[in-house]
Each structure stands twice: as C-alpha cells, then as structure tokens.
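Subject: Structure handover

Hello,

Here is the structure I promised you. Please open it alongside this note, and follow the residues as you read.

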Amino acid sequence: MTDTTLMSIPGQIDPVPVARDITPRADGRVDLIGLPKDRIRDLFEEAGLDAKQAKLRAKQVFHWLYHRGVTDFEAMTDIAKTMRPWLTERFVIGRPEVVEAQHSTDGTRKWLLKTADGHEFEMVFIPDADRGTLCVSSQVGCTLNCRFCHTGTMKLVRNLTPGEIVGQVMLARDALGEWPKGNMKFDYGADLDEIEESSEYRSDGRLLTNIVMMGMGEPLYNFDNVKGALKLVMDGEGLALSKRRITLSTSGVVPMMEKCGEEIGVNLAVSLHAVTKEIRDEIVPLNKKYGIEELLEACAAYPGASNARRITFEYVMLKDKNDSDEHARELVRLLKQYNLPAKVNLIPFNPWPGAQYDTSTPERVRSFSNIVFEGGISAPVRTPRGRDIDAACGQLKTAAEKKSRAQRDREAAEAVEA
Ligand code: SAH
Ligand code: SF4
C-alpha cells in the first residue's frame, strides 16, 4: 500500500491536507516525478552515489524525465547501461492513473485521473485553431463552495502534490505524442520569455501550447505544490513552456496574490463574478473574507501585470443574478477606478444537475458584453467547450459522495474562518 499519511500545511492560509511529496511505493521505490533537480540529486546521494556522480546523474535524469518525457530508465541512452538497473531498482517514473478518457464532439478531451491513494480528479484539453489549452487541477475537490460550481459540491478534498500537478501536463504530452525527439529548438538555459518576446518562439505546430490552472480546486490554497509543478513546466531544461503561456485562476485569495506574482510570475485570472458585496458574498463565499475592494487592490499591485500582460476577470453569467446592464456599468467603473490593465471573460453559466442557477440569455450576454466593450475593456464571450462530456468550466466533479447543502455551507464558512 502507498503511504497515504497526510500532513497539514503550516500557516493559516492553507487549511487543506496534502500527501507527502515523496511517498515510497509498496515495493519501496520512489517516484521522481514532481521533484526538482536538487531533490533528485539528494536522493541519488542518499542511495549511495558520491556528490559528483549524483549531480551529473541528476542533471541527465532530469532532462529525460521532464524534457523528453521518457517513462523507463532503460531509454536514457547517455546513462551507462550498468547504471540503469541501479536506477530501476530504486526509483520509478510515474504518471497519474487514467481511469477514463472522453472525447467531446467539439474536440475537447477530458481525462478522469486517479492518485496513487485512490482520489479521483480531472483534466481537460481544449484545442483551438491557433492554440491548445490544458486545464489543470490543483486539488481534489475544492473547499470554497462557490454556489454555481460543481467542483465546490465535492466531499473529499486534498491538495495535489507537485508530481500529480505536473503529471497532468506530462500525461497530456504523452497522449498528444508531443515529447520532443531531441532538444527543443532553443538552447538549454535560454530565457524562454526573451524568446517569446522576440517572437522567435514557435509552438512548432504543437497542440499543447497553453496551460490554465482552472481545473478542480483553488490553486492559491495549494501554493507550494502549484509553484513546484509550474517551475518544472517553465524550466527551459524541463517542459519548457513560457510563463506567458500559463494562467493561474484564483477565486480571490488576496494574501497569496503578490507572492504568486513574485514567485511564480504567471498570468493572473481572477474569478470576480459580481460587482456588489451582497451578490458576491452569496455566489463566491470567500468574498466574506476578502472583499471586492481588497481584491481589486491586490490586482492593481499584482507583480508583472501591465497593458501587455493584462489580468483576466472571469465573470460567469447567471440569469437574473449578476447579468444586468447596471452590473456591466458598475464592472467598468470598478476596473477603471483601480486603474487595472484588465480584460473580462464572460462565461455563460454551464449547468450541472442540482444547480440553482440558469444561464443568461444570449441577448443579455451580448448587451452586457457591449457595455463593457464600450467602456474600453475587451469582454469576449467564451464559447462553452466540452459540455457534452461535462468538461466545461465548473462542470468538473468526480464521483465523490454528494454532500448536503447545509454541510457544504458549514464547511465553506469554516474554510473562510480558517
Ligand atoms: N478555483 C479557481 C480556478 C478553477 S474554476 C477559481 O475559482 O478561479 C475556473 C473558472 O470556472 C472560474 O472562473 C469559475 O468561477 C468558473 N466556473 C465555475 N463553475 C462554473 C459554471 N458552472 N459555469 C461557468 N463557469 C464556471
Ligand atoms: Fe472552488 Fe473555483 Fe469552484 Fe469556487 S469556482 S468552488 S474556488 S473551483
């Protein structure tokens, strides 16, 4: 059996338990996926290599793991043949287990995945003409219980480990057959952002070009593990995806936002969804803890935000709740008041069984969008993708037992108090 001991995270900000990042498997071997190079080096030293050997082997293994995506030490051709069984005896190269893979009629793909200790979670791939976006989960379920979100009704919650998070991206590359055969076209150690800015970067026809932390869970309640995983994704010697192609979405965990900009540096999306305290308190209960003003101030201070790198404000359109022309005008006023480099994403509500809300009419959405546009802020309406396989925003939910409304409300209140 896998060691499923959960440890609580120190500090007040994260009330969610997480599995240890190194949990030896039943046969005693350790999964290397999710570990940075220096941790791999330490493990090699602990297993008996001298310091110099451990450093060299860690560098080689890191390349094969994260840049080339191999899942077998035997494929690591620049490592001596005699060394490979030594690695195989002690370590494994894991992936989240695939329970089910579904394909939508619109090309969207959804995978139901399982952690080694039996928790199910989901990831979604959304192909477009000019890009392909992987929607990655950060937790199993979510403690925050936004009223319109299916994930918020899940009973079981634990943080995903760095390996389980980066493992989603690796699995997607496996499924899409997109591991580079050699080095990617740019040099090791090259600054991906400079390359991106100088527009020499090309996705080389790759399908998976962008990542959004918009699957299950609140990524800023699992900061360290999300950061660890995204560092591997952004490492030029690792998965080598520029931070400009990664967006983290938060429901508004204000105290972690600056740290997110400084230490991870990805694009920010904020699930705003309402412009009055009354409505946001109802639909995003975290608002009772971090209100709209505080949230928008944190956005204005977000490191790295600029007119070239705008903050995305997500706004789910709920019929007769938050979708009036007045709300649209107030949204423009607020974004201007805080001088925010903003774009607004209007998301038609995606229904799920038992939801209390309806989708706004297309006319309402259009009128709302026009007002925001006329206010000088881009406000595209997102086309729902993958609805037929419950892969659209807010529809993710695995088969965990459904909780009563009262219990969910109680837990959400506790999470807000924590
Ligand atoms: N927890 C983070 C990230 C995951 S949710 C957050 O809330 O930002 C990704 C986006 O989908 C959020 O903006 C969320 O509010 C939105 N969403 C949730 N349920 C939805 C639904 N039923 N229909 C449309 N969008 C939804
Ligand atoms: Fe959690 Fe985001 Fe869903 Fe809210 S919208 S319940 S924060 S996953």
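Start with Ser-249 and ligand 1. An N or O atom in the Ser-249 side chain is 2.6 Å from an oxygen atom of the ligand. Keep in mind that this is a predicted model.

At Gly-217, a backbone N or O atom lies 2.9 Å from a nitrogen atom of ligand 1. At Cys-393, a polar backbone atom is 3.3 Å from a nitrogen atom of ligand 1. How much of the ligand's area does the protein cover? On its own, ligand 1 has 540 Å² of accessible area, and the protein covers 95% of that.

Now the wider shell. There are 21 residues around ligand 1. Those that come nearest are Phe-148, Gly-217, Ser-249, Ser-271 and His-273. By class, the shell splits into 10 nonpolar, nine polar and two charged residues. Three strands each supply at least two of the shell residues: E12 (246-250), E14 (311-317) and E15 (342-348).

Next, the cavities. The structure holds three of 30 Å³ or more. The largest cavity contains about 480 Å³ of space. Its lining is made of 30 residues, and Phe-148, Cys-149, Met-214, Gly-215 and Ser-271 are the closest to its centre. E12, E14 and E15 are the elements that give two or more residues to this lining. The class count for the lining is 16 nonpolar, 12 polar and two charged residues.

Ligand 2 has its own set of neighbours. Around it are Cys-142, Leu-144, Asn-145, Cys-146, Cys-149, Gly-152, Gly-217 and Ser-251. This shell has four nonpolar and four polar residues, with no charged ones. Gly-217 is among the residues that come nearest to ligand 1, and Cys-149 is among the lining residues closest to the centre of the largest cavity.

Last, the largest pocket. Its volume is about 1100 Å³. The lining has 37 residues, and those closest to the pocket centre are Arg-131, Thr-133, Val-212, Asn-345 and Arg-382. Which strands supply at least two residues each to the lining? They are E7 (120-127), E8 (132-135), E11 (210-213) and E15. E15 gives the most, with five residues. By class, the pocket lining has 17 nonpolar, 10 polar and 10 charged residues.

Strand E15 supplies at least two residues to the shell around ligand 1. E15 also gives two or more residues to the lining of the largest cavity, and five to the lining of the largest pocket.

Best wishes

Note on methods. Residues numbered from 1 in each chain as written. Chains lettered and ligands numbered in written order. Predicted model: local features only at pLDDT ≥ 70, side-chain atom pairs only at ≥ 80, totals over all residues. Heavy atoms only, no water. Near = heavy atom within 4 Å. Polar contact = N/O pair within 3.5 Å; in protein donor to acceptor, adjacent residues only side chain to side chain. Areas by Shrake-Rupley, 256 points an atom, 1.4 Å probe, with all protein chains shown as cover. Helix = DSSP H or I, 4+ residues; strand = E, 2+ residues; numbered from the N terminus. Nonpolar A, V, L, I, M, F, W, Y, C, P; charged D, E, K, R; others polar. 1 Å grid on protein atoms, 1.4 Å probe; cavity = no way out; pocket = protein on both sides within 12 Å on 5 of 7 lines; lining within 4 Å. Points joined across faces, edges and corners; volume = space filled by probe spheres on them.
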